Amino acid sequence: MNIAFIGLGTMGYPMAGHLAQQGHTVTVYNRTMSKAEQWVKDNGHQLASTPQAAAEQADIVFTCVGNDNDLRAVLLGENGLIHGLKKGAVLVDHSTVSAEVSRELAILLAKKGVDFVDAPVSGGQQGAQKGQLSIMCGADTTVFTRVEPLLATYGKTITLMGDIGSGQLTKMVNQICFAGLIQALAEGINFAQKSGLNAEKALNVVSHGAASSWQMVNRYPTMLQNEYNHGFAVDWMRKDLAICLAEAAKNGAQLPVTELVNQFYADIQALGGGRWDTSSLLVRLQNPPE
Ligand code: NAP
């Protein structure tokens, strides 16, 4: 199969790498060309100079970029994918964006005879590298069936949630749960430190009990070391929480904790931590705003 992959960032780079090992022909595009050149050095295959050129021969095109506008830019901009995609191709989008933009772009693509799958992921850089992502999809069943074997090269759990947009709605559920959970973890660690406990010992025992979570197991050791230059950036989380809050304003869901944690992340950005991992909520508790 001819595959194109657009966006070789923290997530896209290893995901495209998994596809490259499966005997398909992979063409990559990245806005910063040096990353695409490095990817080709690491994985072989070929690079394209524009999204349009990458899409021209492709049966399936993957995107993993930033926000709604970034996705619109790679699709609809000058030399965008839409000018190269051939009839019968499928576009699979792994970016975390709004359900609304997914539906909007799917309608435009359908006019060209191109199918669309919104397929946001969870599992972070580690999940992408190990091929253990959780992938939540919105698509027509036959289109999903067509792309599922490719998603399996880097996904451990791949679920069709329903119509286009429902993958993104599911990712919102993920981010809502994530926001409250990581604040609770930061509060627990801060409390342990203030109470004079051996925080490492406390978190070790707690992480083997009912309050355990992926975040607790994977993040408490780095939080205790004040290490935040890794993982999922606060700037990205604020983008995701804005999407969740906008969707909740439409569907009437109450998100009181999510709203609060969103403000806490704004405090982290004000501390200069926009690129820090989301577990940096602990820094805010240790340096409370005036
Ligand atoms: P990243 O490392 O910042 O990479 C973003 C990629 O998108 C880069 O290749 C960037 O190109 C490209 N890009 C952004 N805006 C663009 C534009 N306007 N035109 C062309 N290319 C553009 O981000 P990431 O961590 O891989 O995340 C990608 C997506 O996955 C985001 O939607 C994020 O929310 C989601 N996600 C991330 C994680 C995580 O743990 N990192 C987990 C789950 C989901 P350049 O190299 O030129 O900047």
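A polar contact is a pair of N or O atoms within 3.5 Å; within protein, one must be able to donate a hydrogen and the other to accept it, and residues adjacent in sequence count only if both atoms are side-chain atoms. Valine 65 gives one example: its backbone N or O atom lies 3.0 Å from an oxygen atom of the ligand. This is a predicted model, where local features need pLDDT of at least 70, side-chain atom pairs count only at pLDDT 80 or more, and totals for chains, interfaces and linings use all residues. Residues are numbered from 1 along each chain as its sequence is written, and side-chain values use heavy atoms, with hydrogens and water left out.

**Around the ligand**

- The ligand is surrounded by 23 residues, each with a heavy atom within 4 Å of it.
- Asn30, Thr32, Lys35, Gly66 and Lys239 are the closest.
- Lysine 239 places a polar side-chain atom 2.7 Å from a ligand oxygen.
- Threonine 10 uses a polar backbone atom, 2.9 Å from an oxygen atom of the ligand.
- The protein covers 89% of the 890 Å² of accessible area that the ligand has on its own (Shrake-Rupley method, 1.4 Å probe).
- Helix H4 (68–76), helix H6 (124–130) and helix H11 (234–251) each give two or more residues to the shell; helices are DSSP runs (H or I) of at least four residues, numbered from the N terminus.

**The two domains**

- The protein splits into domain 1 (2–163) and domain 2 (169–286), with bounds from an automatic or database domain assignment.
- Both domains give residues to the shell, so the ligand lies between them.
- Their centres, taken over C-alpha atoms, are 28 Å apart.
- In domain 1, 15 residues are in contact with 14 residues of domain 2 (heavy atoms within 4.5 Å).
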